[in-house]
Amino acid sequence: MTIGNFGHLSVIVSFISAIVATFAYYKATVSQKNPLETAEWKRFARGAYYVHAAAIVSVVVTLFSIIYGHRFDYHYAWDNSSLSLPLQYLVSCFWQDQEGSFLLWMFWQALLGLLLIRLNRPSGKNGDGIAWEAPFMTVYALVQVFLTSMILGVIIPGIDLKIGSTPFLTLHEAMPNEPFLQMNPDFVSKDGKGLNPLLQNYWMVIHPPTLFMGFALTVVPFAYLMAGLWQKKTTEWLRPALPWTLVAGVVLGTGILMGGYWAYETLSFNSYWSWDPVENAIYVPWLVLVAGMHTMLVAKKNVTALKAAIILIIAQFVLVLYSTFLARSGILGNASVHSFTDLGLSGQLLLYLFSFIAVSVVMSVRAWKLIPADKDELSGYSREFWLFMGATVLCLASFQVIIPTSIPVWNKIVEGFGGVSNLAPPTDPMVYYSKFQLWFFVAVAILTGVGQFFWWKRVQKGKMQDLLTPAWISLFITALIITFAKVNKPEYMVLLTAAVFGLVANTTIVLGILRGNYRLSGGAVTHIGVALMLIGILFSSGYQKVVSLNNSGLAISNEEAFQKDDNKENKENVLLWLNEPTRMSDGMLTYRGPRIEIRDMSTYVPRSWVEVIEGDFRAVCLQDIETGGKIHHKKGDTVAVYPENVFYEVEYRQSSGRISTLYPRVQINKTMGTVMSPDIKKELNKDLFSFVSMVPGNPDAEAEWNKTEQFRVSIRDTFFVNDHVAILENVARTEQVTGVELSPNDIAVKASIRIFDKEREYVMTPTFAINQDRMVLRKPEINQDLGLRIQFFEIDPKTGQFTFAVNSKQRDYIVLKAYEKPLINLLWIGALVLIVGFTMAAARRFKDFTNMRDKGVA
């Protein structure tokens with residue numbers, strides 16, 4: 001119990017020290033007229049925050065020690081980890097459940113706080129500039145108070161009020177009513193339930209930390225804003241907040257993109273974004289954050305933009321809290337595959353949300369009257385106008401997503417007041433959201449080009465000719481693409497034109513900037529990334545095509561999933577028999593059988609080479625495991641495997657003669673059922689996205705052979721076995737029988753039976769032996785390709801005939817679906833360019849802030 005008690009104590013210390021730091025920083029802020037008192041409160045506040053950060057680190061180390069040490073007497077370790085997991089996936093176990101993910105969030109925020117205390121020292125060479133530390137850290141530490149409370153795990157007696165959910169409960173404390181624990185109070189599980197196999201992926205090691213770092217970073221501009229409004233510095237907060245807004249944008253955006261790539265290579269829904277409610281709830285704050293960043297760029301020169309920046313920076317943080325509520329309250333139910341079950345924290349999450357809404361409204365109303373009115377109206381020829389337009393479009397795009405996503409919340413509110421709501425989320429979210437978002441991003445793409453020309457004053461009132469050149473170039477390039485790529489849908493033509501214009505216009509700007517200081521080109525580089533992403537999305541989603549067409553004329557399955565929509569899936573899937581080549585598009589596919597992954601090997605091996613130990617992550621080698629002339633394991637060795645994963649080897653021979661191998665995966669997932677994962681064959685101009693949509697059953701199950709049929713034939717006789725033509729070629733004496741040691745007095749004969757199957761023929765050689773004790777040995781021959789087992793049963797010397805016992809079974813097969821996704825690499829290249837551009841812009845703004853801070857004006 002010691003380690004768990006220590007972890008729980010560390011949580012309590014972190015919570016109390018966060019409260020103390022918040023109070024001390026508040027006192028330091030309100031006592032700024034007395035420098036000595038302010039300095040004393042600051043020193044005390046820093047000490048409290050340092051204790052808080054140390055306690056958070058202690059909680060993290062303690063929880064990971066429990067997971068890494070396989071302490072299955074603790075519910076968190078038992079529920080999320082197992083002995084079979086390698087180190088990188090033990091790390092992923094840390095944030096699989098709610099408590100761990102909250103802890104990850106507050107860990108990043110605690111570390112950022114230490115950095116921000118240092119960066120927010122009084123500005124100016126003599127320390128006589130703007131002092132941001134106290135007001136900023138008051139807000140920042142208050143956020144930590146609320147976050148830390150989510151894992152406090154304290155129940156207030158008398159009123160039975162639960163505050164937070166602790167990850168340090170033992171099995172007995174977490175499940176006191178379980179019969180097996182009541183019968184055996186000293187029970188400790190030998191193994192845990194393990195990490196969801198779908199999350200055993202390298203992206204799940206880095207995606208959640210990146211995403212939660214993004215969440216933590218969204219607090220920074222919000223805290224600067226609140227500090228500025230509190231101190232009546234209605235514009236001064238912009239300079240320190242802007243670089244952190246850019247950093248939050250790049251980190252949160254990178255986290256979102258990582259999640260999209262994980263979905264693309266792990267799930268079989270044939271996309272990188274499914275418009276799942278939890279995905280939407282993260283995407284919307286990022287859009288609003290980016291919109292807020294654009295208004296901050298011109299807020300000092302335009303009051304309308306300043307007011308918009310205030311609203312949007314508040315909104316992005318509140319929306320992060322709202323997304324947390326959606327994902328963790330259980331309100332989405334089965335509407336999202338990403339949502340957590342409710343741990344009883346819904347009320348606490350709502351309190352967290354509404355508290356910061358209230359603080360934001362009070363601060364904004366208080367400071368609103370201090371904001372002066374604009375002297376002049378915003379001109380359509382000013383860069384401020386075009387930046388403001390871009391922010392407006394991003395906000396409209398976010399509203400279009402968040403309103404339908406919030407339908408379950410609206411329904412719950414109506415039900416709470418005794419009403420009935422008939423609203424339902426979109427039945428086909430991918431079609432519903434995409435048809436609206438397409439037009440918003442047409443506008444975004446155009447504005448990125450036009451806005452950059454106005455930003456760099458390349459065009460002005462009466463001088464628009466410089467903008468015409470990229471416009472004409474864009475139209476020419478678009479016309480070529482439409483012609484040769486056969487883009488035929490009007491909405492796609494419009495999106496393509498807008499994206500190409502954004503690409504050409506921003507490239508023109510970058511080339512101009514490079515003649516001077518390349519560090520100034522961050523915005524244009526980011527916009528180039530957006531344009532490339534839009535073109536990649538357009539072609540990879542809008543013009544993907546199914547290449548696994550069923551040309552046999554036969555229905556593959558009578559299941560409803562295959563028959564609906566005019567037999568759509570029967571037409572778009574191809575049936576692959578074991579080792580039987582089948583044509584697909586411009587190539588040939590040959591299914592080679594099920595494979596398994598041995599953990600210390602880089603290649604998959606046939607599952608028939610090992611026998612998986614039931615209920616374990618190990619298997620016994622049934623033969624030497626040899627690949628490429630190297631023996632990795634000997635027969636009888638025990639090896640670690642991933643037993644829940646079955647990889648189906650498919651040889652893909654293209655018309656050019658190039659041969660590659662696909663390994664689509666089927667996963668037996670206890671949490672999510674059977675999950676199909678794709679294999680993606682990447683080429684420069686396209687991806688081949690293939691996945692298994694149907695398999696005959698468990699590849700480790702014992703084969704079920706049909707009833708035995710006997711055939712009595714003579715040499716050169718023809719007979720039919722399981723719809724195949726068979727000919728007994730000959731019967732001859734043999735000196736060797738596989739797996740049997742013959743003595744000199746033993747007699748063995750081997751039959752040679754030729755079997756014809758469509759375009760191929762097989763030879764099966766069952767054996768019949770009599771040893772010196774006149775015991776009969778019948779060694780059957782099994783052909784997996786044909787699903788046949790033939791046993792040499794009897795020899796009749798009088799008639800010269802031979803009897804064979806034949807069994808048949810379901811032939812091994814898979815049903816495969818494959819898409820060709822053109823130009824998808826433009827999406828990923830664009831994403832990288834966007835990240836680079838964001839980073840360049842953030843670095844530049846940080847440098848500007850540091851210079852101004854040292855001069856005492858930031």
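Visitor: Which word describes D565, buried or exposed?
Guide: The answer is read from a predicted model, in which local features need a pLDDT of at least 70, side-chain atom pairs count only at pLDDT 80 or more, and totals for chains, interfaces and linings use all residues. Residues are numbered from 1 along each chain as its sequence is written, and side-chain values use heavy atoms, with hydrogens and water left out. Buried means under 20% relative accessible area, exposed over 50%, and partly exposed in between, with a 1.4 Å probe and protein chains only. The relative accessibility of D565 is 57%, so D565 counts as exposed.

Visitor: In which helix is the place of D565?
Guide: Helices (H or I, at least four residues) and strands (E, at least two) are DSSP runs, numbered from the N terminus. The run that holds D565 covers residues 560-572 and is helix α20.

Visitor: What is the phi of D565?
Guide: Most residues other than glycine have a negative phi. D565 is not a glycine, yet its phi is positive, at about 55°.

Visitor: Where does L823 lie, and how accessible is L823?
Guide: L823, too, is not a glycine and has a positive phi of about 55°. Its place is the loop between β29 (813-822) and α21 (824-854). L823 is partly exposed, and its relative accessible area is 29%.

Visitor: How many residues of the chain count as buried, as a percentage?
Guide: The chain contains 21 helices and 29 strands. Its C-alpha atoms fill a box of roughly 120 × 75 × 60 Å, taken along the principal axes. Of its 858 residues, the part that counts as buried is 53%.

Visitor: What is the relative accessible area of V510?
Guide: V510 has its place in helix α18 (residues 490-513). Contact means heavy atoms within 4.5 Å, and, neighbours within four places in sequence left aside, V510 is in contact with S521, A524, V525 and I528. V510 is buried, with a relative accessible area of 11%.

Visitor: How many charged residues are in the contact of α5 with α9?
Guide: Among the residues of α5 that meet α9 are W105, W108 and L112, while those of α9 include F212, M213 and Y224. Ala, Val, Leu, Ile, Met, Phe, Trp, Tyr, Cys and Pro count as nonpolar, Asp, Glu, Lys and Arg as charged, and the others, Gly among them, as polar. By class, 15 residues are nonpolar and two are polar, and the number of charged residues is none.

Visitor: What is the direction of α11 relative to α14?
Guide: Angles under 35 degrees count as roughly parallel, over 145 as roughly antiparallel, 65 to 115 as roughly perpendicular and the rest as oblique. Helix α11 (residues 277-297) and helix α14 (residues 383-405) pack at about 160°, their axes 9 Å apart. That makes the direction of α11 relative to α14 roughly antiparallel.

Visitor: Which residue in β28 is the bridge partner of R712?
Guide: β19 and β28 (residues 801-808) pair in the antiparallel sense over five bridges. Within β28, the bridge partner of R712 is T803.

Visitor: Which residue takes a positive phi in the hairpin of β20 and β21?
Guide: Strand β20 (residues 718-721) runs antiparallel to β21 (residues 724-733), and four bridges join them. Two residues lie between these strands, and the one with a positive phi near 50° is N722.

Technical notes:
Pairing = 2+ DSSP bridges. Axes fitted to C-alpha atoms, helices over the stretch in contact; angles between N-to-C directions.
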